[in-house]
Number of protein chains: 2
Amino acid sequence: MSVKDLFQSELKVVNLGLESFQKSLEQCGTKSVHVDWRPPLAIDEASRKILQAKSEEINKANAKAAAKVLAAKPVLIGLDKALDVIPGMKKNLILHAGPPIAWDRMCGPMRGGIMAALMYEGLAKTPKDASKLAASGKIDFSPCHEHSAVGPMAGIISASMPVFVLKNEENGNLGFCTMNEGLGKVLRYGAYGPTVIQKLKWMEVVLYPTLKKAVAKIGKIDLKNIIAQALHMGDEVHNRNRAATSLFYRAIAPAIVRTAPDPETAAQVLEFINGNDHFFLNLSMPASKVSLDAARDIKGSSFVTVMARNGTDFGIQLSGTGSEWFTGPAPVPDALYFPGFTKADANPDIGDSAITETNGLGGFSIAASPAIVQFVGGSASDSLDYTRQMYEITIAENTAYQIPALDFRGSPTGIDARKVVEKGIFPLIDTGVAHKEPGIGQVGAGILSAPAEPFQKAVVGLAKKLGGKS
Amino acid sequence: MSVKDLFQSELKVVNLGLESFQKSLEQCGTKSVHVDWRPPLAIDEASRKILQAKSEEINKANAKAAAKVLAAKPVLIGLDKALDVIPGMKKNLILHAGPPIAWDRMCGPMRGGIMAALMYEGLAKTPKDASKLAASGKIDFSPCHEHSAVGPMAGIISASMPVFVLKNEENGNLGFCTMNEGLGKVLRYGAYGPTVIQKLKWMEVVLYPTLKKAVAKIGKIDLKNIIAQALHMGDEVHNRNRAATSLFYRAIAPAIVRTAPDPETAAQVLEFINGNDHFFLNLSMPASKVSLDAARDIKGSSFVTVMARNGTDFGIQLSGTGSEWFTGPAPVPDALYFPGFTKADANPDIGDSAITETNGLGGFSIAASPAIVQFVGGSASDSLDYTRQMYEITIAENTAYQIPALDFRGSPTGIDARKVVEKGIFPLIDTGVAHKEPGIGQVGAGILSAPAEPFQKAVVGLAKKLGGKS
């Protein structure tokens with residue numbers, strides 16, 4: 001192209017970095033494409049070189065991982081007691097959210113949740129006894145994620161708790177999650193008072209057998225279909241689950257009516273679900289888990305299979321590094337706090353619920369759910385920008401989960417840890433906020449970005465694995 | 001402002017008419033506001049002068065009408081047989097959609113619906129007998145709208161049909177609508193075969209008493225709240241009612257379970273509602289009707305209280321002209337046709353369902369429901385443009401009904417017939433399309449604009465009323 005051609009042809013500009021440059025160009029009528037550019041995160045030169053050299057291999061592995069997740073068919077197949085179905089579950093084992101952590105490093109709400117579980121199991125009578133027992137070394141702790149399970153907030157699962165049993169029909173793997181307790185004082189936010197335990201007992205004695213029989217009658221409930229519809233109905237199935245809860249309720253109500261021991265029990269179960277728009281969260285989370293677990297252990301893949309927080313650490317796992325955790329300190333969310341609370345009361349980010357974002361839902365699909373952004377002071381167009389940015393760090397667009405406001409574009413699915421590091425763009429996560437002290441509960445809700453450190457460590461970990469074999 | 005000031009101050013442009021002018025200005029960085037301008041519709045000079053002279057008086061009357069509609073509190077208070085609750089209902093009376101029309105001018109689907117109703121009532125045994133009876137002069141016909149009622153498509157209500165009873169709690173007025181029959185071969189699209197009558201009988205014998213008892217147990221169901229939530233969940237409550245149907249189902253299911261004669265009946269009723277995402281249409285329509293009826297008969301008001309079609313004529317009423325109808329030919333919708341059907345099969349627009357648009361919902365709130373626009377080949381941004389245009393011809397923004405994608409702006413509510421005529425912008429209506437022959441049913445769905453003629457006649461009618469008194 002000659003200089004003359006250059007001046008006669010239409011000017012097109014690729015804008016890197018500051019978006020305001022692009023806006024100026026656009027005001028002058030110049031066509032431009034904005035590429036969000038920030039300095040890459042620091043990693044050692046040797047790792048960077050390995051990742052560069054193996055770039056094609058990683059891309060291929062990632063495409064394979066993404067294909068597994070897009071093909072996943074999560075269905076609810078039943079309910080059972082944790083002890084009877086969760087691999088490795090024991091009477092003295094408590095599962096928790098996030099990466100591994102010992103009692104002495106656990107945050108307040110996680111300790112509160114564990115104390116509630118020990119009293120619920122009858123292993124302790126008072127909060128004080130429960131705390132003592134938890135610290136005694138007689139109780140084992142392990143991440144939900146290491147047992148095909150997930151849990152919101154503290155993410156506590158103990159042996160006799162009932163759990164949903166999900167199957168990824170495409171891949172055959174199972175997943176597990178407790179039933180959602182509703183709002184107010186609840187175990188998952190670290191509350192452990194008598195009403196918390198009473199409600200858990202009602203869930204075990206009334207809710208669980210009723211739902212179990214109803215699901216058995218139906219055979220299975222297609223959760224992929226419900227999630228896909230819910231994204232067309234204002235949910236992102238993390239912080240907003242009103243539509244998905246409604247659709248699940250519609251699907252299961254006739255079977256509940258037909259199988260419940262009596263109409264009053266059926267009515268109470270329906271009222272419990274109707275009273276809690278977050279009921280479906282405990283289905284969208286394991287649906288995401290069984291979908292992502294299908295993408296585990298693909299050699300060389302920088303595909304993120306887990307993002308999870310225990311209220312102290314934020315941990316991730318990559319497909320190509322198997323069950324290895326890469327962690328960093330969990331951030332404190334910028335949130336809208338309930339009256340009487342401030343950021344000073346907030347516990348650092350906690351819960352396995354970021355599995356929804358890992359699966360392209362939640363914050364990644366926030367454009368489907370502008371009400372969440374409005375709640376924290378943003379606009380509908382902010383929600384579109386948030387989701388658009390997540391396409392920058394993901395591998396695929398979901399074929400079933402669509403964003404109406406983006407002309408039904410598939411949700412940004414499958415985080416490439418390399419892209420997070422290269423672009424300095426962090427996964428956006430919707431979240432609830434727990435009080436940092438045990439026994440209090442929820443103090444707010446908001447959105448936040450994942451921290452850099454786990455992603456820096458993860459790509460270095462992948463480079464080591466790849467480098468060692470080349 | 002001196003000429004020098006003009007050139008030194010920032011240039012602002014008001015663009016009238018062709019939008020492409022504005023786009024060019026914007027590309028040059030010039031601030032501009034697009035005002036959609038088209039030539040006004042033709043009305044006689046005398047009427048135009050009266051409307052101009054009385055402009056302030058009309059504005060005040062319209063503000064009063066709009067305030068009535070915004071303050072409306074539509075609730076479902078029960079179900080009853082049409083004969084027992086609808087004012088003026090008689091055994092030999094059939095109510096129908098749209099403005100008044102005699103049998104000989106009725107379209108195919110309306111005739112088919114009337115034939116179905118006569119067989120349902122036991123007044124005729126065969127379609128041929130029914131048609132003969134309908135033409136005999138022994139059966140009276142009257143618009144639903146003249147009896148505080150509304151009906152989708154053919155809009156047929158006969159004496160023994162069960163109807164929802166709604167109340168506008170703010171104003172005290174009642175409204176009525178049949179229960180939605182579901183999809184497939186149904187009376188409202190003009191089908192009259194044995195399965196149509198069978199289903200209507202099941203609705204009378206099983207569905208009606210079960211819902212009646214359930215609503216009685218609850219006392220009342222707040223429809224304004226359900227509609228407000230549904231707009232946040234992808235519905236515009238005319239052609240899309242999935243969310244509203246879900247929320248209604250959630251609200252009523254426990255009461256159905258507690259009051260049904262047996263669990264199997266309860267389950268069947270729940271399955272019937274669950275099987276029909278349009279179930280709520282027959283509640284959003286009368287909810288709109290009772291809201292708008294509160295704004296009737298305000299002297300001098302050009303506020304549109306009714307838009308309705310009988311499949312032959314499109315008719316409107318204004319607050320300031322009471323129960324007078326202003327009509328013109330009903331247009332044939334541009335629609336997406338079901339396989340095997342084309343526009344040549346389509347009946348002109350039919351049904352009272354445009355009462356939702358008259359109330360700021362349906363096509364006026366289509367930005368809340370981009371799936372509808374996508375269905376007919378448009379984009380999500382088209383849906384925003386459609387709703388934005390409706391603000392040009394409306395008086396108020398709803399305080400309860402909001403559009404998430406427009407940053408939760410209140411829906412454009414209360415059509416000013418003057419603005420339609422002045423601006424040449426026509427109300428956008430979502431609609432189903434019936435086959436033009438009786439006995440066939442639905443052939444498509446789409447969106448269309450209201451015709452000009454009823455609005456031209458209506459403002460002239462208002463001018464006459466105003467002129468006569470000045």
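Modeller: A word on terms before that: a helix axis here is a line fitted to the C-alpha atoms over the stretch in contact, and the angle, between 0 and 180 degrees, is taken between the N-to-C directions. Please also keep in mind that this is a predicted model.

Colleague: Fine. At what angle do α6 and α8 of chain A pack, and how far apart are their axes?

Modeller: Helix α6 of chain A, residues 108-120, packs against helix α8 of chain A, residues 194-218, at an angle of about 55°, and the axes are 10 Å apart. Since angles under 35 degrees would count as roughly parallel and 65 to 115 as roughly perpendicular, α6(A) is therefore oblique to α8(A).

Colleague: Is the crossing of α6(A) and α8(A) left-handed or right-handed?

Modeller: The crossing of α6(A) and α8(A) is right-handed.

Colleague: And which residues meet there?

Modeller: From α6(A) there are A:Ala116, A:Met119 and A:Tyr120, and these meet A:Val196, A:Ile197 and A:Leu200 of α8(A). By class, the residues of that contact comprise six nonpolar, no polar and no charged.

Colleague: Changing topic, how many residues does each chain bring to the contact between A and B?

Modeller: Chain B brings 32 residues to the contact, and chain A brings 32 residues as well. On the side of chain B that touches chain A, α10 (242-259), α11 (263-274) and α14 (370-375) each supply at least two residues, and the largest share, ten residues, comes from α10(B).

Colleague: What is the make-up of that side of chain B by class?

Modeller: The side of chain B that touches chain A has 18 nonpolar residues, along with eight polar and six charged ones.

Colleague: What rotation superposes chain B on chain A?

Modeller: A rotation of 180° does so, with 0.0 Å of shift along its axis and an RMSD of 0.0 Å, so the two copies are related as by a two-fold rotation axis. In chain B the C-alpha nearest that axis belongs to B:Met233, at 2.0 Å from it. As for the contact residues of chain B, 100% of them recur in chain A, and the same surface thus serves both copies.

Note on methods
Residues are numbered from 1 along each chain as its sequence is written. Chains are lettered from A and ligands numbered from 1 in the order in which they are written. This is a predicted model: local features need pLDDT of at least 70, side-chain atom pairs count only at pLDDT 80 or more; totals for chains, interfaces and linings use all residues. Two residues are in contact if their C-beta atoms, placed from the backbone, lie within 7 Å. Helices (H or I, at least four residues) and strands (E, at least two) are DSSP runs, numbered from the N terminus. Ala, Val, Leu, Ile, Met, Phe, Trp, Tyr, Cys and Pro count as nonpolar, Asp, Glu, Lys and Arg as charged, and the others, Gly among them, as polar. Angles under 35 degrees count as roughly parallel, over 145 as roughly antiparallel, 65 to 115 as roughly perpendicular and the rest as oblique. A crossing is left-handed if the near helix is turned anticlockwise from the far one by less than a right angle, and right-handed if clockwise. Copies are superposed by least squares on the C-alpha atoms of residues with pLDDT of at least 70 in both.
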